[in-house]
Amino acid sequence: MNGSADHPQHSGDLEAELLTPAQVAKMFHVDPKTVTRWAQAGKLSYMRTLGGHRRYNRREVVELLRESTGGE
């Protein structure tokens, strides 16, 4: 049970699973700053954590990835 409050074992809703800019950048093989620019340009929506960090919806990121690779 050590650290379970910091790292929940089950999110309950995969649609709401959030990714960090670094995780999104790794999926697209780009720099995390590029992901931030995409968000600022409106290509990718995001939410902010209480600490002010951007988080991206996994489902939306996967959809954008599919569109960018031509796999519809």
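**Phe28 first.** I looked up Phe28 and got 14% relative accessibility, so Phe28 counts as buried (under 20% relative accessible area; over 50% is exposed and in between is partly exposed, with a 1.4 Å probe and protein chains only).

**Ground rules.** I'm working on a predicted model, so local features need pLDDT of at least 70 and side-chain atom pairs count only at pLDDT 80 or more, while totals for chains, interfaces and linings use all residues. Residues are numbered from 1 along each chain as its sequence is written, and side-chain values use heavy atoms, with hydrogens and water left out.

**Helix H1.** I checked residues 21–28, helix H1, and found Pro21, Val24, Ala25 and Phe28 buried. These residues span an arc of only 100° around the axis, which puts them on the same side of H1 (the arc uses directions from the helix axis to the C-beta atoms). Helices here are DSSP runs of H or I, at least four residues, and strands are E runs of at least two, numbered from the N terminus. I then asked what the buried side packs against, and got strand S1 (18–19), helix H2 (32–40), strand S3 (54–57) and helix H3 (58–69). After H1 comes His29, with a positive phi near 60°.

**Helix H2.** My list of buried residues in H2 reads Thr34, Val35, Thr36, Trp38 and Ala39. H1 and S3 are among what covers them. At the N-terminal end, Asp31 is the cap, with a side-chain oxygen 2.9 Å from the backbone nitrogen of Lys33. Just past H2, I noted Gly42 with a positive phi of about 85°.

**Aromatics.** I searched the whole structure and found two aromatic pairs (ring centres within 6.5 Å, using the six-membered ring for Trp; planes under 30 degrees apart are stacked, over 60 edge-to-face, the rest tilted). Phe28 and Trp38 make an edge-to-face pair, 5.1 Å centre to centre with 75° between the planes. Phe28 is in H1 and Trp38 in H2, so the pair ties together parts 10 residues apart in sequence. Trp38 has 18% relative accessibility, so Trp38 counts as buried.

**Core.** Which residues make up the largest nonpolar core? I got 11: Leu19, Val24, Ala25, Phe28, Val35, Trp38, Ala39, Leu44, Tyr56, Val61 and Leu64 (buried Ala, Val, Leu, Ile, Met, Phe, Trp, Tyr and Cys joined through side-chain atoms within 4.5 Å). Leaving aside neighbours within four places in sequence, I found Val61 in contact (heavy atoms within 4.5 Å) with Leu19, Val24, Met27, Phe28, Leu44 and Tyr56.

Notes
Polar contact = N/O pair within 3.5 Å; in protein donor to acceptor, adjacent residues only side chain to side chain.
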